[in-house]
Amino acid sequence: MLTGRDGLLAEARTALVRASGVVLVGPAGVGRTALARAVVADLPSRLFGEAWITATEASKEVPFGALGRLLSGGHPSLHPALVHHSVLAALHERCGPGRTPVLVVDDAHLLDGPSAGVLLGLVQARVVRALVTARSGVPAPDAVVALWKDVELSRLLVPALTEDAIGALAEQRLSGPVSRTTKQLLWQWTGGLPQLVVALIDHGREVGSLVRDTDQWRWRAPLAVPAQVADLLDRELDRVGRPGEDALAAMALGGPLPLSVVEAAASPELIADLEQLGMVRSEQSDDQILVRLRHPMLGAAVRRRMSPARRRRVSAALLASTPPAATRGPHAMASALWAVHAGQPVGSAELIRSASLCLYADPAASEQLARRARERGGGAPAAVALAAALVEQGRTAEAYEALVAAHRAAEAADDRGAQVTVRVALARHRAWVGREPRQAYDDLLRIHADAEAAGDTAGRAEAAAAAVVVQLFSGQAARALHGARELLAESPPPAGQLRVTLASVAALVLTGRTTEAARVGRAAVAAVERAGSSALPFARGMAGAALAFAELWREPTPTGPVTDPAAGRWPMPTDPLVSGLSHTAWPVFDGYAQRISGDRAGAISRLRDAVAQQADGEGLFRSEAAGWLAITLAEDGHPDEAEAVLREHPVDAVTLVPGLRPWATAAVAAAAGQRSRAARLMDEAIVIAHASGCWLVELGYLIYAAHLDPVAGPSRYADRIAEALGYVDAERLVTAGRAVIALAGRNPSVLLEHAHRLLDVNMTGEALKLVDEVTRHSGTSDSTRLFVALRTRLRAAAPGDPAVAAGLTARETQIAGFAARGLSDREIADQLVLSVRTVQTHLGRAYRKLAVTSRRELSDALRLVG
């Protein structure tokens with residue numbers, strides 16, 4: 001648990017050796033005792049000897065109770081005035097002659113008054129060195145406070161660990177790599193408290209929640225509260241009493257709440273006390289103060305010991321104290337659950353919407369809400385919501401049966417609208433769960449025809465919208481785009497319109513029209529933002545993801561979509577009201593973007609996460625995650641591992657990218673030295689992409705195939721690449737295509753310029769391929785010597801994004817990239833809709849981090865810094 005404590009350890013040791021001692025202060029579970037043990041172990045044994053005493057709640061009630069083990073007979077029968085000398089004599093006897101006594105007092109905030117007075121006296125007399133630990137936020141005896149206020153012992157705060165330190169601690173504990181998502185979960189769930197992290201890891205291994213998957217340890221279960229953590233947190237909760245626990249229960253049931261709502265369950269003074277204890281924290285959000293629990297594990301502990309009666313009482317109080325306006329949007333899910341817990345009536349429509357809100361972050365709660373909606377007469381929509389929650393939990397057979405039963409009920413009631421809704425849901429189930437998108441598309445065509453014959457306009461639009469999405473994920477982007485445009489011309493209902501619009505954005509990207517895709521994507525994002533709280537997180541996330549994929553091939557450092565780390569297979573803004581977690585990068589997108597930028601190690605790590613996540617639920621991007629991981633592993637020189645990924649997670653019929661399977665297989669073959677087979681497979685992939693009308697994908701395959709044979713490949717594919725360039729407006733991919741055409745000419749000076757252009761668009765991997773091929777086959781010209789120097793520097797930069805390695809933020813990277821390309825501050829401000837002053841501030845920070853003073857130096861730094 002000392003991971004990430006090196007600096008603190010050295011500071012504490014110095015204070016103990018060179019002064020009178022040190023006081024280590026921090027919250028429960030932060031590792032104060034472990035740090036104290038490490039400090040003592042680091043002391044020269046020939047100079048120092050130590051004696052430990054630990055204060056407890058029980059010893060606090062007895063005068064000199066904490067010092068009992070240092071007193072004769074274990075109990076202070078001496079006169080108080082003699083205790084000081086008796087303790088000092090015991091310390092000298094324990095530590096031995098010639099060694100300075102170090103008195104370690106653990107949990108000094110629990111010392112009884114007389115013991116604290118003796119400790120203060122010993123330190124003031126400078127006859128011992130004191131190493132004291134105390135909990136922050138709780139009262140301590142005056143004599144203990146005097147140690148740093150009057151005697152001036154060093155008082156060091158032991159903070160919670162950072163995310164990186166928690167990740168290192170997890171890998172040390174598990175003796176192996178841990179997935180990035182799991183590190184984020186452990187850090188957020190525990191608030192960075194190492195004691196909780198270690199307990200959670202040990203519990204996870206014991207019960208199987210932590211598993212070794214795709215060569216990484218991964219958490220594959222909801223948050224749990226291990227027994228030893230439950231004991232620790234229960235002791236904390238016992239101290240706050242019933243009113244305090246009611247306040248904590250309110251936040252455990254509702255996430256961060258407005259202060260005015262929490263005050264319905266507790267007085268302002270009690271809330272202040274809970275904040276002082278470190279159990280809750282408050283933050284300003286817009287025009288109100290929100291109060292939340294310290295970390296999600298505390299919330300889980302509160303819910304674990306919450307009786308049905310308390311749950312009912314607190315939920316009713318929350319409903320009564322929450323203004324109607326606050327129960328809309330994300331709070332709708334919380335308020336619906338409060339109503340269920342309180343036994344109060346709630347409409348089926350509200351229950352269904354609430355089930356949708358928490359579908360991915362908490363599918364168990366979604367199931368509970370959907371079942372209640374079905375009991376309340378929610379009909380087909382409730383059955384569809386229930387099936388979705390069951391699929392997310394891996395209970396696909398139950399989900400299918402729920403839909404079949406709902407269809408029978410709709411037929412018995414002769415409810416045509418309900419029949420269409422359930423039939424469309426069954427077709428989606430066949431596509432995503434059964435992995436049969438083409439058969440599902442045929443089903444949707446029949447539903448569409450039946451609805452049209454019956455004059456059911458709404459049902460026809462519902463089936464058509466689903467058909468567009470299914471066709472898109474069958475690798476038929478051009479056809480999906482045509483269907484989307486036809487349907488959008490008919491002005492379908494808002495929900496269907498959004499799905500079809502987002503499908504059209506993805507189709508536009510795949511067919512090479514990224515400018516139009518970005519325009520439509522930005523409009524979709526703006527529409528979702530205008531909808532505000534009425535837009536589901538899934539809709540907001542997918543809109544952001546569609547725009548991000550449009551910008552991926554246009555911007556050197558696109559802003560990627562975010563997700564909840566526990567439900568990371570879907571792009572969606574995290575709602576702390578649902579999961580209590582902050583967002584993280586979406587692994588599917590993040591991994592692919594890192595691969596394009598040349599960061600294979602980062603891409604592999606993120607795509608491993610993506611493969612594991614996409615294996616659950618509907619897994620729309622399951623093929624992309626597995627295929628891209630296999631390709632990146634093969635490119636990184638691990639063909640056996642790449643082949644294993646494809647064997648365990650095969651690329652199936654549900655895929656956005658046509659030809660993905662032969663591309664992934666070709667990458668493995670190329671890495672294994674089977675160049676001829678790889679070339680044949682890439683030709684197959686090219687044919688599939690061309691037949692699908694996906695010019696962007698075809699251009700990518702042509703570039704990849706050309707590099708498989710550095711001698712003949714560029715000449716063989718140059719004409720076809722030139723043709724594809726006429727249909728694709730994606731700047732980054734176009735730059736890579738033009739570089740391959742230039743490679744066919746073998747002019748070193750021209751190729752050197754293309755290599756720098758690739759660096760300008762943050763395609764370090766493609767630049768390195770170009771440089772490698774030129775230096776491998778060229779002579780000793782001046783240009784070639786420049787290539788050799790560039791290759792050396794590129795290989796140092798290749799492991800990651802240069803801007804990230806230098807510590808630049810996403811906005812600093814974006815602005816620095818524009819400046820390096822020659823744009824003025826005003827032009828950058830206009831491009832990004834910022835003030836000139838804001839641009840200058842970000843640019844100044846980028847200059848300092850990159851240690852440059854001009855735009856010319858900035859360009860070189862962004863190209864080559866490693």
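**Close-up 1. Residues of helix H9 meet residues of helix H12 in this predicted model.** On the H9 side, the residues in contact are Val 229, Ala 230, Leu 233, Asp 234, Leu 237, Leu 248, Ala 249 and Ala 252, and on the H12 side they are Met 297, Leu 298, Gly 299, Ala 301, Val 302, Arg 303 and Arg 304. Sorted by class, this contact between H9 and H12 holds eleven nonpolar residues, one polar residue and three charged residues. The axes of H9, which spans residues 227-254, and of H12, which spans residues 296-304, come within 9 Å and cross at roughly 80 degrees. The two helices, H9 and H12, are therefore roughly perpendicular to each other.

**Close-up 2. His 707 sits in helix H33, which covers residues 695-708.** With a relative accessibility of 10%, His 707 counts as buried, the cut-off for that word being under 20%. Leaving aside residues up to four places away in sequence, His 707 touches Arg 675, Val 740, Leu 743, Glu 766, Lys 769 and Glu 773.

**Close-up 3. Glu 152 has a positive phi of about 65 degrees, although Glu 152 is not a glycine.** This residue, Glu 152, lies in the loop that runs between helix H5 (142-149) and strand E5 (154-157). Glu 152 is exposed, its relative accessible area being 65%.

**Close-up 4. Arg 435, a residue other than glycine, has a positive phi near 60 degrees.** The loop between helix H19 (416-432) and helix H20 (437-453) is the place of Arg 435. At a relative accessibility of 12%, Arg 435 counts as buried.

Definitions and conventions: Residues numbered from 1 in each chain as written. Predicted model: local features only at pLDDT ≥ 70, side-chain atom pairs only at ≥ 80, totals over all residues. Heavy atoms only, no water. Axes fitted to C-alpha atoms, helices over the stretch in contact; angles between N-to-C directions. Helix = DSSP H or I, 4+ residues; strand = E, 2+ residues; numbered from the N terminus. Parallel < 35°, antiparallel > 145°, perpendicular 65-115°, else oblique. Contact = heavy atoms within 4.5 Å. Nonpolar A, V, L, I, M, F, W, Y, C, P; charged D, E, K, R; others polar. Buried < 20%, exposed > 50% of the residue type's maximum accessible area, 1.4 Å probe, protein only.
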